[in-house]
Amino acid sequence: VGRPARGGGAPPPQPRATPSVSRFATATSPSGGGMRHIARRATLATALALMTCCGEVRAQIVAIIHAHAYPVASPPVEDATIMIEAGRIVSIVAHGATPAGAQEIDAKGRIVTPGLFGSATQLGLSEVGGASDTNDQSVSSGPLGPAFDVQYALNGNSTLIPSARADGMTRAMSFPSGAATVPFSGQGALIHLVEQGPILAQAHAAMFAAVGNATLAGAGGSRAAQWLLLRNALAEAWHYSGARHDGPRDQLLNHPDIEALAPVLAGTMPLVIAAERESDIRQAIVLAAEMRVRVVILGGAEAWRAADALAAAHIPVILDPEANMPQTFDSLGARLDNAALLARAGVTIALSVSGNGIYRNYDAGISEREGAGLAVANGLSWGDALRAITLAPAEIWGLANSGKLTPGAEADLVVWDGDPLEPASNPLMVMIAGQQVSLTTRQTELRDRYAPARRADPMPPAYRR
């Protein structure tokens with residue numbers, strides 16, 4: 001991950017010292033996204049005291065001082081003072097002074113970035129893969145197609161959300177993986193990973209559809225049928241929505257589905273098409289132009305083959321930087337420098353690691369950082385990689401004040417103990433909406449419960465094991 005950056009600053013130097021916070025009394029153990037990270041994170045248990053003695057921020061203004069800040073939307077700022085008030089960033093100035101009465105958090109040269117933005121996750125929708133009553137990301141029968149809306153199933157108490165938060169993720173798109181009306185999957189929702197209150201930030205954030213191998217059976221076995229069904233649905237919704245009613249209705253869509261597609265046709269909701277094969281991606285480009293809809297490509301294993309056309313059409317791609325082997329015949333052209341080739345062509349890219357669907361919820365934060373580092377190792381600049389997991393998703397999903405450290409932006413940020421694109425690095429502090437959040441997860445609680453240091457307690461061996 002040591003390549004020169006383009007537009008986002010050079011790779012960060014080695015941290016100089018452990019951050020500290022004035023008047024902080026107790027240490028908080030950083031946590032991992034899953035059990036596979038617990039061992040390496042355990043050494044950080046006493047690295048940083050980040051919560052006040054009473055566990056809440058008392059000062060009206062918070063100043064993070066001596067930060068090596070990466071605003072993403074602008075060049076890096078050395079020895080930055082980041083002023084935060086009422087949940088938003090007020091200023092970010094090199095060698096800035098701290099106003100009287102502000103609470104100071106001394107980063108001591110550590111890297112500070114915007115919080116990670118999960119471009120395509122299923123956080124809040126899936127808990128345990130084998131337990132059907134904990135999985136709400138799809139439907140396999142019933143009347144709902146485009147009208148299937150995941151907002152109603154979001155679970156803010158999911159144990160996977162603290163894990164993502166402790167890995168530095170502060171916002172995410174939570175999307176459906178399948179609906180009854182092929183090729184549509186349904187509507188996704190934007191979530192804000194706050195500790196208190198509802199996590200839903202924006203409903204009806206995007207319409208999802210899938211072409212290729214994933215929905216072939218439901219369309220009768222041919223991708224030609226998938227594209228015809230998709231085009232027919234948009235055309236029928238256009239003819240029958242609102243007050244037009246200017247054509248015969250073939251009734252492939254019900255009223256809820258037609259109403260759900262109206263924002264797509266109005267251009268206020270993006271149509272996300274999950275596609276891997278070049279021919280499908282080029283079909284999506286044609287569809288966007290003919291139907292005048294905003295299209296986003298999800299997956300795009302062979303998107304590099306259509307890079308110039310995607311750039312000309314201003315169609316962003318949310319890709320998996322770890323995709324280097326063909327999972328199906330749709331992705332025979334998968335290659336690790338896909339992100340670099342697309343960025344070089346001028347395509348807006350964001351990163352989302354699938355891991356066969358597992359990393360859409362488990363380890364969503366750490367997998368995104370690992371994927372960004374892998375993209376850098378294969379030609380993407382460090383700055384573009386950071387942008388692809390912070391600002392780019394915010395731009396794709398239409399959040400103007402997220403994913404960056406600029407005045408007026410949301411105070412969602414992370415203080416890191418090293419290079420954030422290095423898997424061995426960890427968040428030392430995560431702030432969401434100007435509030436520090438706990439880095440405790442179910443995994444760290446289990447680690448502490450059964451740690452060797454506790455074996456002197458009076459509990460029986462069966463409890464400890």
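A residue counts as buried here when its relative accessible area is under 20%. With that in hand, here are some close-up views of this predicted model.

**View 1. Strand E14, enclosed by its surroundings.** Let's start with strand E14, which covers residues 295-299. Five of its five residues are buried, so the rest of the structure largely encloses this strand.

**View 2. From strand E13 to strand E14.** On one pairing of E14 we find strand E13 (residues 271-275), joined to E14 by five bridges, with the two strands running parallel. Between E13 and E14 the chain passes through helix H5 (residues 278-291), making a right-handed β-α-β crossover.

**View 3. From strand E14 to strand E15.** E14 also pairs with strand E15 (residues 317-319); these two run parallel and share three bridges. A handy landmark here is Ile 297, which has Val 317 as its bridge partner in E15. The chain gets from E14 to E15 by way of helix H6 (residues 307-313), and this β-α-β crossover is right-handed.

**View 4. The largest pocket.** Next, have a look at the largest pocket, with a volume of about 1200 Å³. Its lining is made up of 43 residues, and those nearest the centre are Ala 214, Glu 276, Ser 354, Gly 357 and Arg 360. E12 gives the most, with three residues. What kinds of residues line the largest pocket? They divide into 21 nonpolar, 17 polar and five charged.

View 5. Rolling a probe the size of a water molecule over the atoms shows where empty space is left. How many cavities of 30 Å³ or more does a search of the whole structure find? There are three, and the largest cavity holds about 60 Å³ of space. To find this cavity in your viewer, look for its lining residues: Pro 114, Gly 115, Phe 117, Thr 170, Arg 171, Thr 390, Ser 402, Gly 403, Lys 404, Glu 410 and Asp 412. By type, the lining of the largest cavity has two nonpolar, five polar and four charged residues.

Note on methods:
Residues numbered from 1 in each chain as written. Predicted model: local features only at pLDDT ≥ 70, side-chain atom pairs only at ≥ 80, totals over all residues. Heavy atoms only, no water. Buried < 20%, exposed > 50% of the residue type's maximum accessible area, 1.4 Å probe, protein only. Helix = DSSP H or I, 4+ residues; strand = E, 2+ residues; numbered from the N terminus. Pairing = 2+ DSSP bridges. Right-handed = clockwise from strand over helix to strand, strands pointing away. 1 Å grid on protein atoms, 1.4 Å probe; cavity = no way out; pocket = protein on both sides within 12 Å on 5 of 7 lines; lining within 4 Å. Points joined across faces, edges and corners; volume = space filled by probe spheres on them. Nonpolar A, V, L, I, M, F, W, Y, C, P; charged D, E, K, R; others polar.
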